[in-house]
Amino acid sequence: MMRRTCISMSVAVLMCLIAGQATSQPTDQELALIEKALPTRPVAEPKSSRRLLVFDRCDGFRHSSIPYWDKTLELMAKTTGAFEVQISSDMSVFTQEGLAGFDAICLNNTTRLTFNEQQRKALMDFVRSGKGLIGIHAATDNFYGWDEAAAMIGARFVKHPWTSDKTVSIKIEDPDHPLTRHWHGQGFKVNDEIYVTYPPFYDRSNLRVLMSLDMTDPQTRNVAGVGPDDLDTGISWVRSFGRGRVFYCSLGHNHHICWDPNTLLHYLAGIQFALGDLNVDTRPLPYPNNGRVKDLAELLEKASGYDFDKATSAIYLVEQTIRQLDEDPAYRLATEQLILVHLKAPGSLAWRSFLCKQLSNIGTERSVDELIQLMKDRQTADMAKYALERIGGPKARQGLLQIMTEVPVETQIGILSTFGNWRDRQVVGKIIPFMDASDQQLRLGAVAALARIGSEDAAAAILERMDRADQSFRPILADAALQAAQAMAADGLIQQAIGVYEKVYESDRQTYIKAAALSGWARIDKVNATSLILEALSSQDKGLAAAACGMVDLIPIPVGRAKALDMIWEVPEEGRISMLAAVARTKDRSLIPLVRVLAMSANVIVRMEAVKTLGAIGDWTCVDQLAQLAAATKGGTLQRVARRALVSLDGEGVDKQLIESLQTADPSVQCELIIAMAERSTPNASKALIPLASSADSQVRLEAQRALGQLAQADDLREMVWLLWADPTQAMEEAILLACRRLDAVQACTDLLTLIYDASGPQASKAAALRVIGKLGTDKGLSVLLDQLDSSDKATRTEAIRALAGWPDPRPMEWLWQIANQSKDQTERVLALRGYIGMVPMRQGSAQQKVGMLQKAMSIASRDDEKRLILSVLPDCACMEALAMAEDALGQGSLKAEAESAIVRLAVPLIRQQPDRVRALLQKVRAGTEDAFVRQRITQILRRGNID
Amino acid sequence: MLPHEDHLLTRRELLRSGSMMAVAGLGLPYIVRASAIGRTGRPAASNRIVMAAIGTGSQGTSNLRAFLGFREVQVVAVCDVDRAHSGAAKRLVDQQYGNSDCRTYVDYRELLAKESLDAVSIALPDHWHAIVAVACARAGLDIYGEKPLARTIAEGRAICDAVKRYDRIWQTGSWQRSEAHFRRACELVINGRIGKVKYVEAGLPDGSDGPDVHLLPVPEGLDWDMWLGPAPYRPYQDFTSNGGRTVHYQWRWIMDYSGGQITDWAGHHVDIAHWGLGLEYTGPVEIEGQGVYPTRGIYDVPKAYRCRCRYANGIEIVVANASQLPHGMGTTWYGDLGWIHVDRGNRLIASDQRILLERIGPHEIHLYQSDDHFGNFLECVRTRRQTVTPAEVAHRSISVALLGEIAMLVGRRIKWDPHKEQIIGDPEAARLLSRPMRSPWHI
């Protein structure tokens with residue numbers, strides 16, 4: 001101890017020796033320079049005779065400029081008459097009495113001063129009471145371990161990458177300020193040592209910074225040791241502190257500063273401000289003082305009158321500006337500081353809430369102190385929490401912990417919830433006692449927070465209380481324990497989670513909580529899951545047994561699952577469905593035999609679920625059983641379920657089995673097999689189906705024919721055509737058509753049909769063949785049909801015309817037109833005209849040409865049906881002529897509805913071409929229609945026309 | 001165990017413990033609406049699913065009506081912070097049963113404490129979803145909950161965890177899943193009928209500006225503080241733009257309560273987009289978005305929005321207001337062989353109509369078939385099967401919109417880990433994954 005003191009003392013002596021030369025007094029020549037540079041009159045008239053205490057003690061490094069500044073201030077006092085100076089280096093001056101006679105204290109490059117409690121109080125009281133404090137250069141190298149004073153002077157030394165040999169650029173941030181206006185806003189270069197200081201002491205939301213380093217100057221920016229955090233390095237500032245005033249300037253390491261006239265004038269104004277004679281603005285400025293920040297500052301200023309009943313435009317502007325915040329650290333900092341400045345100023349609750357929301361998005365640790373203050377007021381606490389919870393970090397945690405016991409219960413609950421949302425393991429110990437609080441809501445808040453954090457110690461504390469909790473609190477604790485276990489499991493703490501589940505499972509009496517514990521446990525404990533669930537299945541607790549049924553899929557080994565399924569008749573009835581649903585989830589084929597037995601059960605509910613389960617896990621062995629079941633339960637729900645199961649059977653051999661079973665099954669079962677094959681698109685099934693398509697059983701025949709449409713192969717077509725010839729059913733026609741399109745075999749099939757058509761055969765067969773030929777629409781088919789027009793057989797002719805009328809392209813139009821005009825037979829004329837009308841839109845050509853054809857058709861149409869048909873295709877030929885034609889038809893009562901519909905549909909594409917004409921017509925229709933839908937549609941079109 | 005052993009357990013407890021028998025003796029485990037078979041054959045009271053409705057505004061009442069239409073359901077209580085709502089709902093229930101037994105509550109906590117329920121139907125403003133849903137799951141109830149699942153991703157996760165913790169049955173109000181043409185569209189897409197899908201559009205409604213602020217005295221019968229619940233304080237006011245003098249319904253255009261159209265509808269068309277791609281249990285890995293926000297009035301959610309979400313498999317889903325998309329409202333998948341578009345009103349179209357005729361084979365993917373959204377829920381309550389829209393699926397669809405909301409708010413692309421559910425490398429954006437709650441509310 002003694003030794004260390006000796007060493008430190010000798011270091012101090014040594015330093016004084018080294019600095020010996022430097023601590024010398026200014027020379028006469030230098031004094032002359034100082035005198036020449038000093039102002040000759042005060043900046044403001046002193047209101048009374050002012051006394052300044054210049055304190056120049058150093059307990060750390062001693063600057064050689066100290067005697068220069070002592071002298072300069074003495075001379076300044078003389079030349080300006082603004083104040084008197086007393087110089088001291090005796091700490092004992094810091095008493096209430098010792099300071100009583102002074103108006104301000106100037107710390108002249110003092111370093112590492114240590115103040116005892118009384119001295120601290122004296123200095124604080126002095127400034128707070130309305131006196132001044134001035135700091136020169138190293139004055140910020142003090143107040144270690146005394147944050148309040150460091151904050152008062154606005155900085156604490158961090159480093160000085162700009163050493164005394166460097167020349168730096170300084171910018172004037174506040175050009176109109178009384179302390180800086182003599183620079184006329186012109187920045188300047190200076191050779192001096194510059195201190196770096198950081199928040200929270202250097203805090204632009206408290207300080208009005210007048211000058212700072214100009215980091216746009218490369219010579220200043222690119223000095224070794226200057227990092228991104230140093231971009232804001234203040235040079236001089238003023239601030240209010242209590243009722244007092246503080247002025248600090250960083251310049252003054254090098255002696256020559258003492259004979260720079262502008263800097264001296266700056267100091268004089270600053271001193272006079274501190275003394276109380278010069279009234280200056282100390283409100284913090286936005287930073288950096290550039291356009292962007294100024295804009296934001298202005299927006300905030302404009303919005304600051306916001307309240308719940310005020311318009312939102314101003315705050316939206318602020319919000320959008322803040323949302324566009326980019327990576328520029330200076331701008332981010334400035335934004336946060338601006339918000340804080342407003343948060344500290346008086347404002348409505350709505351405004352403060354708004355500011356808190358902004359901080360919740362972009363705030364940092366720098367905002368924490370202010371937000372913690374707001375937490376203390378119940379009114380602002382929720383929104384302060386809103387910001388703090390999102391900002392997070394150790395400082396926020398510490399701040400919240402500190403006020404935790406002094407805030408109202410509601411705020412405490414909020415803080416607990418924040419800790420929970422952070423999942424902050426470090427505060428578990430602080431939360432636990434709140435579980436025993438007398439306030440119920442507070443207790444719940446603590447439990448919820450611990451449950452969310454889900455650490456081991458949190459879970460242990462919850463479990464510990466669970467056993468002794470009363471009836472109402474116990475389930476809450478049990479839930480919290482389960483929640484914590486869930487979180488642990490997710491975090492990979494499996495053994496710990498199992499421990500919690502086990503405890504809840506063993507000790508809880510409420511069935512649904514027990515069940516939840518069992519389910520959570522079984523999910524993560526592969527070793528014990530089987531025995532746990534099997535035990536639970538035979539539990540005396542019927543509810544638990546029922547719940548365990550739904551957990552059969554959590555049993556990891558097939559033998560265990562089979563055992564469980566064996567117990568299906570022992571478990572409560574209520575659990576059987578969920579057991580089978582769980583088995584379905586396992587996809588475990590080894591259970592098929594057991595489930596097949598259940599699918600034959602007399603218990604209809606079990607049977608239904610078992611069938612569904614077979615659909616999920618079954619294989620080829622289930623085919624016969626499901627098909628038989630479906631056949632035996634015609635029309636019932638069970639049939640639907642069985643059919644679906646048969647279709648969804650998976651795995652090898654299912655389709656093969658379907659085909660095989662077809663050979664021996666009863667007709668009703670055959671039908672089910674065929675239906676399933678068609679649904680499943682069973683491969684290679686057609687050979688088995690062809691014989692069945694002429695089965696003696698009509699149902700089998702029908703299903704086989706239908707299925708062939710889906711399943712036929714190209715080489716089956718010949719057989720199918722023969723079958724059609726032999727037995728011309730609609731089902732077979734459709735099957736052939738579907739198969740041809742599917743197999744891309746329309747040409748080949750037309751050939752087959754033509755071939756067979758030329759043979760002699762029954763009329764019905766020929767008609768069926770013609771119909772199919774027509775629907776296939778090949779060139780060859782067309783010529784076959786046209787040949788039939790000359791047939792002497794009326795039925796053949798009619799069938800040919802019908803087929804031509806349904807032709808998929810407009811090639812038969814000319815023939816149809818002829819028939820429509822010339823045929824003596826009314827049926828033929830109508831069929832042909834209808835076919836003709838339907839082909840008009842398909843034809844190549846302009847809309848006008850098509851309308852011409854429709855007009856021709858109209859002229860020969862004798863029945864309203866055809867006229868309506870014409871009107872219904874009109875909209876596919878959109879042109880003004882079509883519209884005119886529809887308008888003509890409006891007058892004919894029986895066509896009115898179709899005409900209106902055509903006009904509405906035509907109006908959409910035409911309204912841009914001839915707006916006036918179309919609008920007028922639409923309005924006419926709207927006025928005359930009885931159809932509400934038409935009216936509504938017209939209104940829509942007219943409105944849209946306006947917007948366009 | 002003796003078959004006739006007398007157990008002390010009630011049926012309610014059985015349901016809570018996770019299992020419930022089918023309608024005994026009827027041979028019909030499927031839930032049937034009363035309208036389908038008339039009023040006879042109603043299950044004995046002890047076999048009905050006992051329900052309460054929490055939140056009986058427009059959507060809540062509509063859901064309540066649907067549940068009242070099932071003969072297996074017995075609604076015993078309704079709960080709303082607005083007595084006008086709960087009163088009307090009570091009249092509806094009493095009218096259905098021809099008595100005056102339906103009880104009303106303002107505070108869901110009181111409802112849960114006093115009533116012996118099997119299931120609840122929840123239709124509340126989004127900011128209330130998580131607190132009430134988690135409380136109901138904790139109480140061992142099955143839940144029909146409205147979309148969107150929750151106001152934030154953190155709250156959605158809390159619901160999923162609680163539902164899983166108690167093995168609860170959860171059905172989300174994403175009813176499009178129970179419409180045949182939506183399922184058909186999804187089955188065609190997921191089975192490759194339009195080839196490999198690279199790009200999807202989900203068109204949701206356009207937003208709008210809101211009215212100026214207009215403070216009002218709190219109406220008689222409304223517990224305004226309870227309505228606000230966990231949301232930041234604001235005095236009672238008119239949220240409507242047409243002089244409705246109410247906060248109901250139109251809260252969804254104010255960020256404290258909802259994210260606007262994009263979150264209101266993600267549970268529909270984004271959900272369908274996911275379903276058709278098998279992405280319903282994951283999420284995008286990269287999200288960027290632009291929103292146009294109101295510059296005046298009380299609504300503060302985007303009027304127009306466009307969010308581009310990239311998934312790990314390279315698929316991109318664009319979620320935007322309908323006016324910005326070629327097909328407008330609905331979901332459109334674009335594959336290398338064509339496209340399919342599906343929307344309400346039975347609208348199902350494709351680049352080539354032949355695509356729509358395609359059959360789905362037995363070895364292909366068959367999606368969950370539900371033909372009645374409420375019936376599916378009730379059936380699952382009985383069978384303990386998963387519903388067509390379980391909580392986790394709803395969580396994943398709303399997560400897309402919520403991430404889009406965040407990307408729009410921070411104005412930059414965000415990266416998302418859908419497995420850990422964390423925003424990667426952007427702590428400021430990550431803050432928006434939750435919304436701190438007003439005390440004393442917490443999950």
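This is a predicted model: local features need pLDDT of at least 70, side-chain atom pairs count only at pLDDT 80 or more; totals for chains, interfaces and linings use all residues.
## Strand pairing around β9 of chain A

Two strands are taken to pair if DSSP finds at least two bridges between them. Within β10(A), A:V238 is the bridge partner of A:R208.

Strand β9(A) is also joined to strand β6 of chain A, residues 167–172, by three bridges, again in antiparallel orientation. Here A:M211 of β9(A) stands opposite A:I172. Strand β9(A) is mostly covered, with six of its six residues buried.

## Interface between chains A and B

Contacts between the two chains involve 64 residues of chain A and 55 residues of chain B. On the chain A side, helix α16 (residues 409–422) provides the largest share, eight residues. By residue class, this side of chain A comprises 22 nonpolar, 27 polar and 15 charged residues.

## Domain arrangement in chain B

Chain B is divided into domain 1, spanning 11–175, and domain 2, made up of 180–367 + 391–443. The centres of the two domains, taken over C-alpha atoms, are separated by 25 Å. Their contact draws 33 residues from domain 1 and 34 residues from domain 2.

On the domain 1 side, at least two residues each are supplied by α4 (83–97), α6 (126–138), α7 (153–165) and β6 (170–172) of chain B. The largest share, nine residues, belongs to α7(B). This side of domain 1 consists of 18 nonpolar, seven polar and eight charged residues.

Definitions and conventions:
Residues are numbered from 1 along each chain as its sequence is written. Chains are lettered from A and ligands numbered from 1 in the order in which they are written. A residue is buried if 20 or more other C-beta atoms lie within 10 Å of its own, exposed if 12 or fewer, and partly exposed in between; C-beta atoms are placed from the backbone. Helices (H or I, at least four residues) and strands (E, at least two) are DSSP runs, numbered from the N terminus. Two residues are in contact if their C-beta atoms, placed from the backbone, lie within 7 Å. Ala, Val, Leu, Ile, Met, Phe, Trp, Tyr, Cys and Pro count as nonpolar, Asp, Glu, Lys and Arg as charged, and the others, Gly among them, as polar. Domain bounds come from an automatic or database domain assignment.
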